[in-house]
Amino acid sequence: MKKTVFLGALTVAGLAAGAAAAGTLDDVKARGKLNCGVTTGLVGFAAPDANGEWNGFDVAVCRAVAAAVLGDPAAVEFVPTTGKTRFTALASGEIDMLARNTTWTFSRDVDLKFTFVGVNYYDGQGFMAPKALGVSSAKELDGATVCIQTGTTTELNLADFFRANNISYQPVPIETNAEAQQQYLAGACDVFTTDASGLAATRATFEAPGDHVLLPEIVSKEPLGPLVRHGDDEWGDVVRWTLNALITAEELGVTSANIGEMSAAAGGNPEINRLLGTEGNLGEMLGLSADWATKAISASGNYGEIFEKNIGESTPIGLARGLNAQWTNGGLIYSPPFR
Amino acid sequence: MSDKRADSVAFVRDTFIAEQPAPSSATGVVKWLQDNLFATWANGLLTIVSLYVVYLLLTATMPWIFNGIWNTESLAQCREVLDGSTGACFSVLSERWNQLLFGFKYPPDQYWRPTLAFVLMFAALAPVLFFDLPRKLLVITALFPFTAYWLIWGGTILTPLFALAGVVVGYFVYARFVKNSFAAGFFGAIVAALVVWMLGGQIIPENANDNALLAAVPSRDLGGFMLNMMLGLTCVSLSVPIGIALALGRQSNLPLIKVICVVFIEFIRGVPLITLLFVANVMLAYFFPPGSGVDLFLRVVIMITMFSAAYIAEVIRGGLAALPKGQYEAADSLGLDYPQAMRLIILPQALKISIPGIVNVAVGLFKDTTLVSVISMFDLVGMIRGPILASTEWNGVYWELFMAASVLFFVVCYGISQYSQWLERRLATDHR
Amino acid sequence: MTTLTDPPAGTFRLSMLLNDTRYRSLTFQAIALLVLIAAIVFLANNLMTNLRTAGLNISYEFLGSPAGYDINQTLIAYDSQSTNMRAAWVGILNTMLVAVLACATATVFGVIAGVLRLSNNWLVRKLMAVYVEIFRNIPVLIWIIIIFTIMTAVMPGARDYLGAEPKTELLFGMFAFTNRGVYAPAPVWNDGSGLVIAVFVLSIIGIFAYRRYARNLLYATGKLLPTGWPSLALLIVPVVLAFFIMGQPIGLDSPDVLANRFNLKGGIQIGAPLIALWFALSIYTGAFIAENVRAGIQAVSKGQTEAAAALGLRSGRIMNLVVLPQALRVIIPPLISNYLNITKNTSLAIAVGYADITATLGGITLNQTGRAIECVLLLMLFYLVISLSISALMNVYNNAMKLKER
């Protein structure tokens, strides 16, 4: 009798395994909510405000995907993840996608079996030092104490950079950005290193931002982008092309202001028409409604608008577009055509 | 020699001298000071050093506390108002108080729900903690988990109702069969409860939560000190029965069961809680059936419950071992079988001895719930280290926040440990 | 009687599995075994299915590949090209280091506070009660963070010590207390230092031999030799003599304030995270130990002290020969379980960035390789080994100290 119960449990497990392989897109639709992994709090990229609403650059990507799939940018369950938990959360199916300034690297793609669907921010690791220290280059940092925010590729890049330049340093790994900042400001470390965008965001919150300089060296390439699990290409396509739709919208001049009128009827530009679903059947191919991209763009605007609103020059973080300008403006942001 | 007293003694006093007050050095403040502070020169030195330390502490903290600011909107404004003088910036507490208590996602218009649950908790705990109260009050205790669940998570009332129904049915089945055989009653109750719960699972409609009286709050949105309290209370109450089972298993003379219990207890007690939380966070998801999506709160509750069950099992084992052997032998000689002996003779006494130990475990566990902040849950410490310190307004306010957290924990833990001491004194008199 | 319980042969019925005490225990164990196996198979099967769906595998090969990150405080040679295994060893040694240090100081704090709680000085008694209650009732994680924050905020920066005209001078020209840690001189072993060490070891042996001789003499003849001063003299005089005879072979390498523009160079650096963790664990656990010590001393009945006094022992000897040996029997078991707690609480190093095993293997290595299951399993294995060893020691001690009842 015990034997049958035991076999029954095995069968249930097997059935459940079959059910889980049905596809993330269907799961999300059935659930009516998108589970999106974000950081536990990095101002500008993903942070809850005083009312508990998540805001930021990465958050906007989640909202766009939710809008494209479910038609409601608010239908997102934000799951805060740490550097340690993010990959397990994605691999085990706890979240459907991860938009947590995660660097696209070979081993994460190949060994950990994740699919990076694109790049939404080209970043690089930089250094911040007090002006009073009189350092003008990271190569002068021999013997310095360096605060690192752990859980990223930062530790590895830092080790590589100092080894390549044959200089020594003292690493101080810190869990949260707020604590790293405190250590740095109190002088417990000479320099603070993390992604350049994070440094800018951190410096913006200082009492006297002018007393600190960002050193010119960018010691690594950090293409940050959303990722999904390997092996579910339909879902990967949805996230990838939602991101591309935001980028293309900026390139084609589709903004949250004019999208209502542009999507009302087919206009003169065939690519805009295809993007917004007034022509062709791109949405259907993805398994979504025809106006999926319209909803995604309406959620929080096109790529440029999201950038400006969350981390652009008008915000306290004040990042210039730089590498993240459209390719037409000399940047790297480039979307394959909607055709 | 004369017999007369007057002959032998020159003077005899025939009235008492009026009682004199004690010399000033042996009474009142001076005497107390001398006895308690300056008994020897070394003691006096110690007193002076201590006084100096107290003085240092007070001068360092008092101006800071009393000069504190309670009504600005950011640290920068605080610094402006203080204008260089010493003072705390308690505004962070007044502005973020609700977040510290409830986390940043709990809907503000629903704060009354956890608050009500908190108040009800006292009513539910009272009959457990104070034996003098009428036993009938235990009904409140039994109803509390379901009420609290419904209040905090909201959603359809059917879920807690069916859970309660399962327990009630289980109880009646147990009461019906236990006279024949404990095993029949016990397992029958479990099966009956499971049947009710499965039926309930079938009956409750999928969208029952949509128009529920209390809006459903996902457990991910719980946070702050509420999360610490919930984890502490849930895990301790769940782990007491498991701990009893483990302790009995460890004392059992069935070798296999004994080995299982010993391995479990020693394994759990041998690793730090934080590694178990890592298991909950990064490993446990792999051990559930695919797609079951057990949420983080539940996984953490499972791990912490296992953790405290192992410790409580050891406390209860101590209680079992402390009972005189005669009690076991007396039970046997009355012809009671094992479940009867345990239920009627051994456990009531052993548990009574173990209560102070269990309370100590509970205090330790409650403090350890702060570790969940390491695995990206926003409990009190997690709220402070995460959203609040990371926000632009309050970046750099450490003392005020950690002081508030310390005070909250101190009040609760000190309260419990005072209760435990009171209980110990009471139990001690009972035995004499 | 026994013949009655013997069942007639050949009448075994299935219901006897439940109703007959001789078979019932077997039945229960068989059921338990089946449930256990079912649970294990169920979990393992889930694990396999989940891993297969995610395309992952369980492999420990990452332990042999280069770790790629640096660690600030290491007891063995390590650089970023060392393997993950080596990083784990660095973490293990760091865990042991802070655990041993914290156990030692926690004992000191605990004994002092515990004894002072019984002092007849009212103020001291109350202060110690406040210390114990405050530290026992606030989570250790909060204490670790608070103490680390205090260190960072209150101590001077390392750069204050640097340069030809520093803001702050080195203490005795050797010690610097900064918010990065404490810098202290390191001993330099020159030629002939071996001999000095040999003399030192010999004099320690000499002290033991002398004490033994004094005790034997006391038992044999009742003559009491002084032990305190001769021991001290034996400890110091020969070493000092050897040191000067050999031409001062042991030097000190003080921290250099001019070598580097960012940090003091040379000497020994004890990092701030280590100090914060060490201090926080000591003072937190010290509060628990204080209660044990108090309970232990109070457990010795007053009659013992009075009896000893009646025999004419002086108060110091009463403490040493009568009270302490009996109190220790009560104090040591909870003391060892407090040591166990310290060892397990060192895993909170993660909050201050100290590179213990949880921060290396369970932290950065896990983050970088994504091998969560493997790392967490190894981590638990390590703690289990440590805890079980300490428990084993405790059992040995308990057996040795058990009251010999005849």
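Modeller: A residue is called buried when its relative accessible area is under 20%, exposed when it is over 50%, and partly exposed in between, with a 1.4 Å probe and protein chains only. The model is a predicted one, in which local features need pLDDT of at least 70 and side-chain atom pairs count only at pLDDT 80 or more, while totals for chains, interfaces and linings use all residues. Residues are numbered from 1 along each chain as its sequence is written, chains are lettered from A and ligands numbered from 1 in the order in which they are written, and side-chain values rest on heavy atoms, with hydrogens and water left out.

I take chain C as the part to examine, and begin with its side towards chain A. Taking contact as heavy atoms within 4.5 Å, 45 residues of chain C touch 46 residues of chain A. Buried area is the accessible area (1.4 Å probe) that two parts lose on being put together, summed over both. For chain C and chain A this comes to about 3,800 Å², with carbon and sulfur atoms giving 54% of that area. On the chain C side, F262(C), N367(C) and Q368(C) lose the most area to chain A, and together they make up 17% of what that side buries.

A salt bridge is counted when a side-chain nitrogen of Lys or Arg lies within 4 Å of a carboxyl oxygen of Asp or Glu. Two salt bridges are found across the interface of chain C and chain A, and one of them joins the side chains of R180(C) and D190(A), at 2.6 Å from N to O. A polar contact is a pair of N or O atoms within 3.5 Å; within protein, one must be able to donate a hydrogen and the other to accept it, and residues adjacent in sequence count only if both atoms are side-chain atoms. The helices and strands named below are DSSP runs, numbered from the N terminus, with helices (H or I) of at least four residues and strands (E) of at least two. Between chain C and chain A, 10 residue pairs are in polar contact, both residues being at pLDDT 80 or more. The elements of chain C that each supply at least two residues to this side are α3 (21–54), α6 (140–154) and α12 (357–369), and the largest share, nine residues, comes from α3(C). If Ala, Val, Leu, Ile, Met, Phe, Trp, Tyr, Cys and Pro count as nonpolar, Asp, Glu, Lys and Arg as charged, and the others, Gly among them, as polar, the side of chain C that touches chain A has 18 nonpolar, 21 polar and six charged residues.

Turning to chain B, 55 residues of chain C are in contact with 54 residues of chain B. The area buried between chain C and chain B is about 4,700 Å², and carbon and sulfur atoms give 75% of it. Within chain C, Q29(C), N137(C) and M380(C) lose the most area to chain B, together 13% of what that side buries. The salt-bridge count between chain C and chain B is zero, whereas 12 residue pairs are in polar contact, both at pLDDT 80 or more. Two or more residues of this side come from each of α3, α5 (122–136), α6, α9 (272–299), α12 and α13 (372–401) of chain C, and α3(C) gives the largest share with 13 residues. By class, the side of chain C that touches chain B divides into 37 nonpolar, 14 polar and four charged residues.

Within chain C itself, the side chains of R117(C) and E291(C) meet in a salt bridge of 2.5 Å, N to O. This pair links distant parts of the chain, with R117(C) in helix α4 (residues 84–117) and E291(C) in helix α9, 174 residues apart; both residues are buried. E291(C) also forms a salt bridge with R294(C), with the closest N and O atoms 3.1 Å apart. E291(C) and R294(C) both lie in helix α9 of chain C, three residues apart, about one turn of the helix. E291(C) counts as buried because its relative accessibility is 13%, while R294(C), at 24%, counts as partly exposed.

For a comparison in chain A, K33(A) forms a salt bridge with E77(A), the closest N and O atoms being 3.9 Å apart. Here K33(A) lies in the loop between α2 (24–31) and β1 (34–38) of chain A and E77(A) in strand β4 (residues 76–80), 44 residues apart. K33(A) is partly exposed, with a relative accessible area of 32%, and E77(A) is buried, at 11%. Over all chains, the structure holds 18 salt bridges.
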